[in-house]
There are 4 protein chains.
Amino acid sequence: MIFDPATDKPQDECGVFGIYSPQPADIAWLTYLGLFALQHRGQEAAGICVSDGERFLVEKDLGLVSQVFDETRLDKLRLGTARVGIGHVRYSTTGSNLRFNAQPLTVRTNKGILGLAHNGNFVNAREMRQEMLDDGVLFQTTNDSEVLLNRIARLSKLDLVEATARAMKEMRGGYAVVLMSRTQLLGFRDPNGVRPLCIGQRGDGAWVMASEPSALFSVGAKFVRDVAPGELVWADRDGLHSLMVIPGHQPTACSFEWIYFARADSFVDTVDVHEARIRMGQALALESHVDADIVVPVPDSGIGAAIGYARASGIHFDYGLYKNPYAGRTFIAPTQEARELKVKLKLSPTSAVRGKRVVLVDDSIVRGTTSRQIVNLLREAGATEVHFRVSSPPIKHPCFYGIDTAARKELVASTHTIEEIRAMIGADSLAFISEEGLRASIRGPGVCLACFNGQYPAGIPLENDLNKLALEV
Amino acid sequence: MIFDPATDKPQDECGVFGIYSPQPADIAWLTYLGLFALQHRGQEAAGICVSDGERFLVEKDLGLVSQVFDETRLDKLRLGTARVGIGHVRYSTTGSNLRFNAQPLTVRTNKGILGLAHNGNFVNAREMRQEMLDDGVLFQTTNDSEVLLNRIARLSKLDLVEATARAMKEMRGGYAVVLMSRTQLLGFRDPNGVRPLCIGQRGDGAWVMASEPSALFSVGAKFVRDVAPGELVWADRDGLHSLMVIPGHQPTACSFEWIYFARADSFVDTVDVHEARIRMGQALALESHVDADIVVPVPDSGIGAAIGYARASGIHFDYGLYKNPYAGRTFIAPTQEARELKVKLKLSPTSAVRGKRVVLVDDSIVRGTTSRQIVNLLREAGATEVHFRVSSPPIKHPCFYGIDTAARKELVASTHTIEEIRAMIGADSLAFISEEGLRASIRGPGVCLACFNGQYPAGIPLENDLNKLALEV
Amino acid sequence: MIFDPATDKPQDECGVFGIYSPQPADIAWLTYLGLFALQHRGQEAAGICVSDGERFLVEKDLGLVSQVFDETRLDKLRLGTARVGIGHVRYSTTGSNLRFNAQPLTVRTNKGILGLAHNGNFVNAREMRQEMLDDGVLFQTTNDSEVLLNRIARLSKLDLVEATARAMKEMRGGYAVVLMSRTQLLGFRDPNGVRPLCIGQRGDGAWVMASEPSALFSVGAKFVRDVAPGELVWADRDGLHSLMVIPGHQPTACSFEWIYFARADSFVDTVDVHEARIRMGQALALESHVDADIVVPVPDSGIGAAIGYARASGIHFDYGLYKNPYAGRTFIAPTQEARELKVKLKLSPTSAVRGKRVVLVDDSIVRGTTSRQIVNLLREAGATEVHFRVSSPPIKHPCFYGIDTAARKELVASTHTIEEIRAMIGADSLAFISEEGLRASIRGPGVCLACFNGQYPAGIPLENDLNKLALEV
Amino acid sequence: MIFDPATDKPQDECGVFGIYSPQPADIAWLTYLGLFALQHRGQEAAGICVSDGERFLVEKDLGLVSQVFDETRLDKLRLGTARVGIGHVRYSTTGSNLRFNAQPLTVRTNKGILGLAHNGNFVNAREMRQEMLDDGVLFQTTNDSEVLLNRIARLSKLDLVEATARAMKEMRGGYAVVLMSRTQLLGFRDPNGVRPLCIGQRGDGAWVMASEPSALFSVGAKFVRDVAPGELVWADRDGLHSLMVIPGHQPTACSFEWIYFARADSFVDTVDVHEARIRMGQALALESHVDADIVVPVPDSGIGAAIGYARASGIHFDYGLYKNPYAGRTFIAPTQEARELKVKLKLSPTSAVRGKRVVLVDDSIVRGTTSRQIVNLLREAGATEVHFRVSSPPIKHPCFYGIDTAARKELVASTHTIEEIRAMIGADSLAFISEEGLRASIRGPGVCLACFNGQYPAGIPLENDLNKLALEV
């Protein structure tokens, strides 16, 4: 049996990247660089698609960016004359885990060849797909993206920008998409701005779009602005253009971007991620103070909140859990014993916790299994008390906008009280940040808290069973 | 630079295989076995698709059957409960050489999930594709197969058999196709029967369809009959069914199946391949006798005709050219010198030719470059005369029905007289079999001789430049 | 060009692991688990060797543990009946970077088949090798280990333990070795204890030896004690045995184990690593105080010292540099521009440093190139001052005991004053911990400071040019 | 379960190749080319070693030449300035099937770095190895070659040529070896000339040594002469030199070279292989005539003898068994049914045998299992009689000179009469060529017939159980 040493985190699904250069550039390599910076957003598959106005090439496969692209494979895409490119890293959401679902998806249409990379989910994809199936359309993947591209293709009287705008109005959900033709790069975002997308520009004039500013910086671009919720932007030889397709919505960006997904050096919708995490930790400390000797983060995502907690509480921050940097690799585990060793392989207490009352700060609890093991590790290492603090509220509801939080029945907080969870994980005390505390910590636009409170700003699917969507092939 | 040691042969494009078993069977492995027997028909890609009525799985990739399918990959397809499967080996024709073009092609339609494997070409694919593009359909591959599947899907009011029959009527060209749903296996052949397809049955009742009887035998099936030109057959839990969709055409099977493509142990449309080759050799001997000491085949495809030539002429058959069985492997050749060594690597004269007047029998001459090198090798090895005899007429025209004979301008016989070719290849004499001699040797139904005489029984594309069809992705 | 995103750290060379179980056990998997925990000590090659008393199997190759061992390969070693095994992870020191140098090294001798895994260097290997070469011995690798094994084999009248003890007396340098026969596991350490080796025991009675206690814990063993400098221990069916082969030396364990190599959750010769790093940071703060706003570690190795610095100075600790967890992967970098981007790919400032006076804490400076880039990144991100603090003294001398610190001329501190280095890296101030401060922080046995002060406790090679040792094959 | 579709042939063990060029040349590529021509002599592993006088590089691995050497790997060896190189293809004999046993073996000795490639076996390797083990030598492989190299190294007062000559006198068995230092290429052959080795020269002056002349021709060299039994030759910048080390033996070349191993376009000790096979077939026809309709070879090795049989008997030669050219590839066979299908996958009768009395000509019968299946295939295809004729005498004894004929108890002819074998394989009649007929057909020097008559010209091992020699690692 092969598995990845345990995480018990929500899984982000995708990172997208696009670039349009007014003059020929090393588009494939720049896109590769951008994907490298977005690798944390999806480790299952990676792909790049480029065009020089004539040729239109794609390479994609299962694996990390560094595994999919060796020099030979990247070189196939390095047209000296390319101007447009998009890239994608993926963690599977709907659709099974097959290479045929890797992106960018490339198709030939009446608008020429198109490539598309997509982060998020369309909640009405199922109905749209069925309607088109009934109408004689065939589907080769289980990507929502194929549904979107078919909508665009069917609007055959319209040009690409118009057709895309029309399709945006038909599709509902949380999404951020980059789309390219031989001569244009388009980017757009759902009307609630659930999924992030920002715009940058390089010194040579090239326009860049990406899920996080970190990817802009990795290719030497400066941050220009975020794509607005409901906005469609496109770059071509005349520069950057914008169309507000679906105005007037209350923005509700995904709060998990700040809690866990985004890199600590990123900002999302202009709100700095590291600062937000510090504030979450501070809020947690104020909301659920406890007497203790040290504050220990679950690395790496708990670090910011732990620093905030330490500052607000006056308790020493310490490095109480060593994280094996190779623990993300494939690991062979043959026995039941192995399963119990797996968290140990990844996380190991340092001497800091010995004889100490520990405040342990993590960003979330999904199933709770890993949390229990970590608490246990700390106790075995001599911690006298373990007070668990979580910088997100209890996750009680599934996400329909592109995050894999596990099925509802697996969400420990949807079926247990906080006291029950505390007992289960074996902590001396357990506290989650409040929704108000979280909202205040992000201090940004409205945020989506659907997985905490069940209020879905962008609608939900008619039928919840997303597995039904899956094409077996 | 990497190349495969020289062949100067027409390239067959594909082999197809399908199986329907009334009870659960090891469908994936049987299909693998069938593809192994058809490997000579296509070495570029291989794929298998299976279903047990619920699940519908496909695995395909670039490479030989033995390279694409290791145990792990084949095991993924080995549902204990499968009943239907199809397989494909491919040599690329239209469409570039990408893994995305590997078959079976699998799609979701209003008729459920379908898998398709295809040998041949549709001459009106370009127009059909354009018409559908204009209508808002999108295409993800450059396979003709995707055009066909879209036609079937668009006939949304009809069931799968009816829609397939209707689509057969719309498509023109030379083709043999196996198509599967979760519960049915379909097979059909163009109205001229240009490309072959036959039916067999195993002792356990399973129905098998394949490009050649050899593949039936490899899975323990007995030959039942050929699919008739223009016929659609299908197997399901009620048995084998037939519909004559396009009756009344004069059959014109591809003559190259007997000349070169099919295995020596196969028969095509009930005409035995080895016997036909013997007769071709005999006809050649009668048409173009020459005094000589030995008859030498270019192995392996020239063996049958050489035996026939030897018998009719009374000249000794001998094994004058050793063929390195590893010469088909990838070979690294760095320099100009290397290119000249490459035929040597594959073919090497034995002592049989020393001091002898040699009749050299080959099945075809396309560009003539290899022929010149072989003649030269024989002379260097001491042959005193080399008389070149070819068991096909001069190839002057391209094939539009699925064979890659090279572009017309590269066909040496379309721009040179026989005497010019003789001088070019350095033979003492050169003769090709006559069209009449060939037709009589096959002694079967009408045969397609389009590449020799330019008479295309199944029409030609509106525009000849097939490359224009290619999607770059 | 392919390179690993920059590090400018001393490279540890190896981790070793061994296990002897009184009853049959899953030796191969336990060894794999131990190597996983030691992966940070060597990423170039990995290998495992096991025996069940009869069979003696080895698998090794270039790559990470997770790359070398997939399930198929590990299964080859999983004799149900094995009792002895050793494993090795390697970073190349002497000898080129070839698979033939991967360990364990396995040989057949008059003492039966032996397997050996080795951390460290023998300073007299060159002379020993030459002497044996002159005597008619042949060498197949460039491992020092082969020299050692030949010494053991040549002592043909002695049993394995006696011969090993004799060989220990002949070899000089810094080393820790595990050695196995079909029925015994031996471990030994140089008389100065330069390289670490400890002993543990599992609940089922199995004896374990490893470079770090973390590897003991990873297989469920408890720490028993360190192997003493100059001691030879061995486990067999009669239990664990010890022989003090070379008594009386002043122990001088490598100080870099605490500074950088060992995991934060390890202890070396009973001195806790994390606590030592905290004390180094505290000493640094006392020795070179500066007014500043935040203390920022270079992750991950600078974290402990930064926490210590923050505590002793009263300045806020903050997470100022995000480390991309995928940056250790192979990365394709085509241009000069790329080379400048490479540190950016790995490290990226968070908002914490904006407008702040930063104390940046790193564990060492070797060439200084990376340090300059990090300082520059912080300034670009808005740090108003950058004060560089280093938790090791300036490295001025090469290590001859198994650490690759780069050739002397590349050691920036051997050719530049501290003020010159400060100017070069662009810091506002620069300070290194003093030798006294370091020694006090480790508070353990005598430590080896040779790379700082040139005093080599275990001797040096007759000729320094270790490259001369290299076999080209 | 994975196996190679059945052969029931003696397995040749190795091919060797060496080249010395007076001026810098593309040694690695020429050696690769030579190995390609010798691929039929060993498919398990391949390796190349080159030197330019300074550098000494080796690459080797399990697999075919085309699998081991892709462009990247061959390029590593392509020193623009190389002058010496050797290569090896291997089928395992003694020693298990591990990559560590791949050749060339490269070692550092008092005579500098040496590389060695070896075909054959030393019958006294076991005693030599034990004697040296007792003396404190260690062994890392199970190659006989390592024994030889140790002998050479131990003669430390002598130069390489002298030491090699001395070692030849100590070792007994059947062998052909190429050995290189940085500046010399040596070749030598056992005193009986059991294993073949010949010398050629290229137009540019480069000296080439190889197991078969075909390999000389593949690199553009002309055949000069065979290395004489017991002779040592070497090439260096002064040209080609010779020393008759062990004169006066009766040459007894392995008869299986002509029967089966060597390419049909080769000659061995100046006796043409194809002609010898023709004569074997003629002798068989004279010795065991039968009335029949066609003579059918088991392809490919039976072709020559079948042609000879047809000529001497006046019965038509025909192509009665199609051989699938892809059948040598790895093949997955899951069930008992599969095992029965495996010969079918490789060999398939053509229509030629239907209704015919067939003389089936094969080169040897080892276990008889495959023979039975082929006879059965012919009967199923309609052959009315099958008369089995074998161009070698019954194999009753194992080979100790480098051929894997299977253990004695598996040799069907050592435990059964000819009539019993006939009944077992189901033939209507069965005849083997006589020893006299074989000897007369080869018409060359004395030949080794040990596997037929148990007379071992070069001695046998003290103990027969060669497996005892095996190092498990």
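UniProt positions are given here in the numbering used for this structure, and its annotations may be inferred rather than shown by experiment. With that in mind, the unreviewed UniProt entry lists Cys14(A) under "active site". The model itself is predicted, and the values that follow are computed from it.

**The annotated residue**
- Cys14(A) has its place in strand β2 of chain A, which covers residues 14–20.
- Because a residue is buried if 20 or more other C-beta atoms lie within 10 Å of its own, Cys14(A), with 25 such neighbours, counts as buried.
- Leaving aside residues up to four places away in sequence, Cys14(A) touches Arg41(A), Gly42(A), His88(A), Val89(A), Arg90(A), Tyr91(A), His118(A) and Asn119(A).

**Where the chains meet**
- In the contact between the chains, 26 residues of chain B meet 26 residues of chain A.
- On the side of chain B that touches chain A, at least two residues each come from β4 (56–62), β6 (105–109), α4 (125–134) and α5 (144–154) of chain B.
- Sorted by class, this side of chain B has 13 nonpolar, seven polar and six charged residues.

**How the copies are related**
- Chain B is superposed on chain A, with an RMSD of 0.0 Å, by a rotation of 180° and a shift of 0.1 Å along its axis.
- The two copies are therefore related as by a two-fold rotation axis.
- The same surface serves both copies, since 100% of the contact residues of chain B recur in chain A.
- Among the residues of chain B, Val137(B) comes closest to the rotation axis, with its C-alpha at 3.6 Å.

Terms used
Residues are numbered from 1 along each chain as its sequence is written. Chains are lettered from A and ligands numbered from 1 in the order in which they are written. This is a predicted model: local features need pLDDT of at least 70, side-chain atom pairs count only at pLDDT 80 or more; totals for chains, interfaces and linings use all residues. Two residues are in contact if their C-beta atoms, placed from the backbone, lie within 7 Å. Helices (H or I, at least four residues) and strands (E, at least two) are DSSP runs, numbered from the N terminus. Ala, Val, Leu, Ile, Met, Phe, Trp, Tyr, Cys and Pro count as nonpolar, Asp, Glu, Lys and Arg as charged, and the others, Gly among them, as polar. Copies are superposed by least squares on the C-alpha atoms of residues with pLDDT of at least 70 in both. A residue is buried if 20 or more other C-beta atoms lie within 10 Å of its own, exposed if 12 or fewer, and partly exposed in between; C-beta atoms are placed from the backbone.
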